[in-house]
Amino acid sequence: MRLLLIFSAFLGVSLSVCQNKDYTQLSNGKCYKIIKGSFTYFKAADMCQQQNGQLATLHKSADNDAMAQYLSSGLWEEAWIGLQCTTQSDCFWDDGTKFDYSNFNNNPDFSNGKNCVMLKAGLTVMPRFRDVYNGWTPKSCYSATDNALCEEISKDLPGCGDYSEFEGNCYKYQPSAPSWLAAETICAQQGGHLVSIHNILENIFIFNLLKADGVGVAAWIGLYNTANQYYWADSSIVDYYNLAGPALNMDPACYALSTTNLVSPQKWVPESCDNDLPFLCQRTTGSPSPVPPFVPPTTTSTTTTTKTTTTQWTTATEPLDPSAPTLPPIITSVPTVPTVPQANMTVAPTSNTTNSPTFLPRGLNILPL
């Protein structure tokens, strides 16, 4: 028994019992499990979820050291943790908790889709090897190379149920709906709305969540456009734009997040609101009640009526003012204006006209007969 205690202390393992018997409680008080295999990041996350857990989160050096020792004890060199990043400072944990601790190896490379993070540990855990064995390394999320380091989810904590949690909100993929409004109605019946996106990290999280659920082309999000005005289905402010392009000849337009490399991946693509697409619902934590669905705003057309006024004039037989002078009579005949011959024309004399001048074309020197 004494040897077991010494060995447990060396590994940073506590003898306390976790809620799931196949998890092991470490010195930081949390329970973990290694699922050995060659998984993509998303497959690893799915494996942990099936085992009542999630990919591990680390918020202090004690968490990092305990998990590195745990990996080393089982001769596992590396494993996925629940972190995704675009740069060394722009990262988020899958469980939505704050990114407040970092232990990347020197000069981490996030290029070419290396946005998911693994913890790399060795057999020897010494301070001078920290950057090599206990550090974090970004890798392609689709690289099927690593084990899954799972962290047990406490059952008595309020959460998202069968939804995925991120930054205090809950998200759930739905396979299909006959239209954008039908999808929004389903989400509202579950206490939420079609997902709204307010920054690049949320956009990356939602994109990865859809890819993990096998969405091959696109899925509805809660963005709606009419009369060149944008609305989120949950009535939140439209403060972040990731549009693939304008909605040409389409009003209204509903938006879907593209998950294919063929058409603007990770961008919001305008679609006919009647299209049948998968979708993503978003709600708050806990057990919310159904809410009213989004009601598209109505556009009103302005009709301009032109009124034509016809004034009828009558002839006055006497002045309106008896003292006013009498106006002269209106001229009803127009005097005849003599016709002026046009230039460059010859007017032939007639028998009734004498001494009529002869007009000749200019430039011609012709004597009269």
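A disulfide is a pair of cysteine sulfur atoms within 2.5 Å. I counted these links here: the structure holds seven disulfides. I note that the model is predicted, so local features need pLDDT of at least 70, side-chain atom pairs count only at pLDDT 80 or more, and totals for chains, interfaces and linings use all residues. Residues are numbered from 1 along each chain as its sequence is written, and side-chain values use heavy atoms, with hydrogens and water left out.

Entry, cysteine 18 and cysteine 31. I looked up their sulfur atoms and found them 2.0 Å apart, in a disulfide. Cysteine 18 sits in the loop between helix 1 (2-11) and strand 1 (24-25), cysteine 31 in strand 2 (residues 31-39), and the two are 13 residues apart. Helices (H or I, at least four residues) and strands (E, at least two) are DSSP runs, numbered from the N terminus. I read -95° about the S-S bond, a left-handed link. Both cysteines are buried, meaning under 20% relative accessible area with a 1.4 Å probe, protein chains only.

Entry, cysteine 48 and cysteine 150. I found a disulfide here, S to S 2.0 Å. Cysteine 48 lies in helix 2 (residues 41-50) and cysteine 150 in strand 8 (residues 146-152), so the pair ties together parts that are 102 residues apart in sequence. The S-S angle is -80°, left-handed. Cysteine 48 has 0% relative accessibility, so I logged it as buried. Cysteine 150 is buried too, at 0%.

Entry, cysteine 160 and cysteine 170. I found their disulfide at S to S 1.9 Å. The link is left-handed, with -70° about the S-S bond. I noted both cysteine 160 and cysteine 170 as buried.

Technical notes:
Buried means under 20% relative accessible area, exposed over 50%, partly exposed in between (1.4 Å probe, protein chains only).
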